[in-house]
Amino acid sequence: MSKEVTFYTYPTCSSCVKAKQLLGEAGVVVKERRYFKEKATEEEVRAIAARLPNGPWDMLSTRSRKYRELGLAGKELTEDELIRLLAAEPGLWRRPIVICGDEIVVGYDADRLKEVLS
């Protein structure tokens, strides 16, 4: 029986493309969620963040264009504020996010993905 993973992706993102290829090679069933077409709700963001060591801050891409546009550098946000921002602005997400059972991989990390899928 193959594993099922939820794959939060943006199709033109090079890291997402590499992760999708790796998932395909692993023979897993992929439930693909496209960040921009199908935005996550605050509840979904909260559920993912709750499973990460540093909560929603692990999901935040401080290198993204949207992060710079919103002038977030140096701002102190509460967890609730950050969750609302992540739900409203998918451009702030680190990409991709792969959820496989109890494991979550944020950003492209081939070794970690292989470990989670094995």
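Visitor: Which residues of the largest nonpolar core touch the most other members?

Guide: This is a predicted model. Its largest nonpolar core has 21 residues. Those that touch the most other members are Val45, Ile48, Met59, Leu86, Trp93 and Ile97.

Visitor: Which element gives the largest share of this core?

Guide: Two or more residues come from each of α2 (42-49), α4 (79-88), β3 (97-100) and β4 (103-106). The largest share is 4 residues, and the element that gives it is α4.

Visitor: With which residues is Leu86 in contact, leaving aside its neighbours within four places in sequence?

Guide: Leu86 is one of the core residues that touch the most other members. With those neighbours left aside, its contacts are Val45, Pro56, Met59, Leu60, Leu92 and Trp93.

Visitor: How many residues does the second, separate core have?

Guide: Among the members of this second core are Phe7, Cys13, Leu22 and Val116.

Visitor: How many charged residues does the contact of α2 with α4 have?

Guide: On the α2 side are Glu42, Val45 and Arg46, which meet Asp80, Ile83, Arg84, Leu86 and Ala87 in α4. By class, this contact has 4 nonpolar residues and no polar ones, and the number of charged residues is 4.

Visitor: What is the orientation of α1 to α5?

Guide: Helix α1 (residues 14-26) packs against helix α5 (residues 110-117) with the axes 11 Å apart and at an angle of about 30°. Angles under 35 degrees count as roughly parallel. The orientation of α1 to α5 is therefore roughly parallel.

Visitor: How many nonpolar residues does the contact of α1 with α5 have?

Guide: Ala19, Leu22, Leu23 and Ala26 in α1 meet Ala110, Leu113, Lys114 and Leu117 in α5. The contact has 1 charged residue and no polar ones, and its nonpolar residues number 7.

Visitor: Is Val28 buried or exposed?

Guide: Val28 lies in the loop between α1 and β2 (29-34). Its C-alpha atom is separated by 8.0 Å from that of Leu117, 89 residues apart along the chain. Because its relative accessible area is 14%, and the cut-off is under 20%, Val28 is buried.

Methods
Residues numbered from 1 in each chain as written. Predicted model: local features only at pLDDT ≥ 70, side-chain atom pairs only at ≥ 80, totals over all residues. Heavy atoms only, no water. Axes fitted to C-alpha atoms, helices over the stretch in contact; angles between N-to-C directions. Parallel < 35°, antiparallel > 145°, perpendicular 65-115°, else oblique. Contact = heavy atoms within 4.5 Å. Nonpolar A, V, L, I, M, F, W, Y, C, P; charged D, E, K, R; others polar. Core = buried A, V, L, I, M, F, W, Y, C linked by side-chain atoms within 4.5 Å. Buried < 20%, exposed > 50% of the residue type's maximum accessible area, 1.4 Å probe, protein only.
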